[in-house]
Every structure is written in C-alpha cells, then in structure tokens.
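User: Please take a close look at one part of this model: a contact between helices. Then set that contact against the rest of the chain.

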Amino acid sequence: MSTDIFSPFKLGPFTLKNRLGVAPMTRMSAGPESVPRQDVLDFLVRRAENGAALVYTEAIVTDYESAQGYPGQSRILTQPQVDAWKRVTDAIRANGAVSVMQMFHCGRMAWPEINPARRSIAPSAVAPRQDNPLTGKPYPVPEAMSRFDIEHVVNGFVETAKGAVAAGFDGVEVHGAHGYLINQFLSSYSNRREDEYGGPLANRFRLAREILRAVRGVIPRDRLLTLRISNWAIADMEVSQFKDAREWEELVDLIDAEPIDALSVSTYDFRAKAFGTDRTMAGLTRSRTTRPLMICGRIHDRATALEALAEADIALSGKSMLLNPDFVGHVRQGLDMAPFSSQEANVAYTETPLP
Ligand SMILES: Cc1cc2nc3c(=O)[nH]c(=O)nc-3n(C[C@H](O)[C@H](O)[C@H](O)COP(=O)(O)O)c2cc1C
C-alpha cells in the first residue's frame, strides 16, 4: 500500500507537512561574489510558498580552490554569502517548509580555469571519457589527491556546513552522487588508488565517511544531515558506477552505519529496474536500510508520486518543480502532467526568471 502524498513525515527533529520536495538544482547564476541572483533565490522561496515540504538548494561548491565545475556557482563561506542565504531560509521556514543546502566538490569534473587554484583533483589521474559539454574540450587529467588535498577537501565541506548553519538552513546534504568527487571515490571506475582510500568498497567509502562524520560534528543535533547517491554520473552516463546490486547493497550497509538523517537516491527514472534485477533503486535501497529514504527521477504527477512513495518516504522532483510553480497544488488536484524534458529545463541556466 502506498503512502498518502499529503500525510506528514517525521524527518529528524522536523515534521514535513507532506512528502513532496524540491530536488537540488544548479542554476549557475552567481557573480564573482558567489551569491545566486535574487530571482534564483526567490524561486526557492516560491516553491515553499506553493506547498513543497522540503526545499533543497542548488549544489554549493565547498571551497575556493578546486571544487567548482560550472560557472556561476555559489558558496557559503563568507558573511555576505551567509546573509544572502539567511533571508531565503527565514522565508522558507515562514512558509512551513524545511530547507537543506546541498554541497559538493566536483573532483575531476571541475573546470580548472574557473577555480582559483586552477587545479583538477580526483582520487586517481583518470579523466572522464567524454568531453566537457561546456568547453567542448576533454576534461583535463586530474591530479591524484594527496593526503593534504583530502584533508583540505574534508575541511571545505566542514566550513561550508558551518556557513549553512549560520545561514539558518535546517540541514545540509553531502552530494555523493552523479560522478562528482565523492562518487569518484566510491566507484572503482574512477578510483584506482592503492592506499586506504582505494581498493575494496569499504576503503573507497572512507572519504565519504570522513566527510559525513566531520560535518555531523559541526552541525547542531537539531539540524539534518542527508547524503545523496546515484548509480549514474553526469559524464560517461553509460557507465554503471557500481558493479552490481550486491555492491550497491554493500554501499547502503556502509552508509547505514553513518550519522545521517536520510538517504536520497537519485535516478533517471524511479521505475527503472536496478542492475538487471526486478527491483527499483528505491526498492533495493529500502531492503538494506530503515533510514528515511528519498527518491527522485521522473516523478511528475500524482500517480508517479504515489507509486514512488510505495518504496520511499519522500518524493523529490527536479524538472517539474523547476518549471511548474504550482506543481504541488496540481499533484493535490490530480491534474494530468507530462514530464518535462532536459531541453526544457535548460532555461534554468539562462537569465530568464522562473515563475
Ligand atoms: C537544471 C537542473 C540542475 C540540476 N542540478 C543538480 C544539483 O545541483 N545537484 C543534484 O544533486 N542534482 C541536480 N540535478 C538533478 C535533479 O536533482 C534530479 O535528480 C533530476 O532532474 C531528475 O529528477 P526529475 O526527473 O524530477 O527532473 C539537476 C537537474 C536539473 C534539471
């Protein structure tokens, strides 16, 4: 039996008013000060006004060295950046919704020219096979991270989490999905290290564990810590990041031992069967953990939300939340809504304000 979409859900110390959330979405709108355009900040508040129970930010980059992968990304490391986001978190809370900042380091997906240190760093000196669609050129071969680099990266997540707490976010999410740095460590496709951060999955998980524990240590108990994972990556999309269902289960078991409040699983299509099994990614994940579970990927109307909630606690929508300001109301009314295409979502990266 499926959960009622509009039933409350206890997530850590918060009670979500329904099961619908805005998935994290990068907008590339920030200027040199690394603060998003006002209309991009307002967009998040409007989704809370219009009924979303949970609002994720765009992925915030975690340092001023090598974390950034796209132009116009944001940071929460300085007081002006904190102040800009404080107005957003206050307004989201005033509308009865919960705000979570997502943060990431791009690793080998970084764009060295837009990073102050002009470096690309990763677990191993292995570049994605495909070209960077933004530059039309191959991604540079990254430098394999030293122990110093690892500590610096962990510290970037910690400092950014502190910024999020100062800005009043109800929680932070560590982005371990989509082929960015943490995912690069997790996957043997990009992690060829021979030290204690490479080899068996338990070792490849070490960076994620260090980040989660360090971040948990600096956020108050009454804030959320979530982790997002996926089996797909933005570059080399055809590659399965994990070998098989068994490896995914092992990953979930490792995560289950960590101090997180929820696990967010990102898919292309929540209905797709995972690793050639007869189970979905949500079903497979649910079978290994009792933690609150979020699922995302082609949830675009009442029927798909209901179906997704049969195997997860919270349904996140990306493109439908992006392009339809009344998405939550329309789900409540049970209106027919088709999924939006990625092409349609590209308006996210333009200067056109979204309704
Ligand atoms: C414009 C855009 C930007 C995105 N940026 C992020 C991001 O910063 N972090 C992230 O984890 N996922 C990001 N995603 C992926 C979405 O969170 C979501 O997983 C994906 O769109 C699939 O959900 P959907 O079918 O509901 O759109 C982005 C998606 C879109 C359309």
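Analyst: Helices (H or I, at least four residues) and strands (E, at least two) are DSSP runs, numbered from the N terminus. On that basis the protein chain has twelve helices and 14 strands. The model is predicted, with local features needing pLDDT of at least 70, side-chain atom pairs pLDDT 80 or more, and totals for chains, interfaces and linings using all residues. Residues are numbered from 1 along each chain as its sequence is written.

The helix pair comes first. Helix α3 spans residues 147-166, and helix α6 spans residues 206-218. Their axes (lines fitted to C-alpha atoms over the stretch in contact) come within 9 Å. They cross at roughly 35 degrees, on a scale from 0 to 180 degrees between N-to-C directions.

Now the residues that build the contact (C-beta atoms, placed from the backbone, within 7 Å). Helix α3 supplies Ile 150, Val 154, Phe 157, Val 158, Ala 161 and Lys 162. Helix α6 supplies Leu 207, Glu 210, Ile 211, Ala 214, Val 215 and Val 218. By class, the residues of the contact divide into ten nonpolar, no polar and two charged. (Ala, Val, Leu, Ile, Met, Phe, Trp, Tyr, Cys and Pro count as nonpolar, Asp, Glu, Lys and Arg as charged, the others, Gly among them, as polar.)

Next, the setting. The C-alpha trace of the protein chain spans about 55 × 45 × 40 Å along its principal axes. Of its 355 residues, 48% count as buried. (Buried takes 20 or more other C-beta atoms within 10 Å, exposed 12 or fewer, partly exposed in between.) Take contacts between residues at least 6 apart in sequence: 71% of them join residues at least 24 apart.

The largest nonpolar core has 98 residues. (Such a core is a set of buried Ala, Val, Leu, Ile, Met, Phe, Trp, Tyr and Cys residues joined through C-beta atoms within 7 Å.) Ala 52, Leu 54 and Ala 315 touch the most other members. Beyond the four places on either side in sequence, Leu 54 touches Leu 16, Gly 21, Val 22, Ala 97, Val 98, Val 100 and Ile 314.

Pro 259 lies in the loop between α7 (245-256) and β12 (262-266). It touches Leu 212, Arg 213, Arg 216 and Leu 225, leaving out residues up to four places away. Pro 259 counts as exposed because it has 11 C-beta neighbours inside 10 Å. Ser 240 is 19 residues from Pro 259 along the chain, yet their C-alpha atoms are separated by 27 Å.

Leu 322 lies in helix α10 (residues 319-323). It has 21 C-beta neighbours inside 10 Å, so it counts as buried. Leaving out residues up to four places away, Leu 322 touches Met 25, Ala 345, Ala 348 and Leu 354. Ile 229 is 93 residues from Leu 322 in sequence and 21 Å away in space, C-alpha to C-alpha.

Asn 324 is in the loop between α10 and α11 (327-333). It is buried, with 20 other C-beta atoms within 10 Å. With residues up to four places away set aside, its partners are His 330 and Met 337. Leu 354 is 30 residues from Asn 324 in sequence and 9.0 Å from it, C-alpha to C-alpha.

Ser 66 is another buried loop residue. The loop runs between β4 (54-61) and α2 (79-94). Ser 66 counts as buried because it has 30 C-beta neighbours inside 10 Å. It touches Ala 110, Asn 115, Ala 117, Arg 119, Ser 120 and Ile 121, residues up to four places away aside. Glu 113 is 47 residues from Ser 66 in sequence and 9.6 Å away, C-alpha to C-alpha.

Backbone angles close the tour. Most residues other than glycine have a negative phi. Met 28 has a positive phi of about 55 degrees and is not a glycine. Its place is the loop between β3 (20-22) and α1 (38-49). Met 28 has 17 C-beta neighbours inside 10 Å and so counts as partly exposed. Arg 298 also has a positive phi, near 60 degrees. It is in the loop between β13 (293-296) and α9 (302-308). With 18 C-beta neighbours inside 10 Å, Arg 298 counts as partly exposed.

Key:
Contact = placed C-beta atoms within 7 Å.
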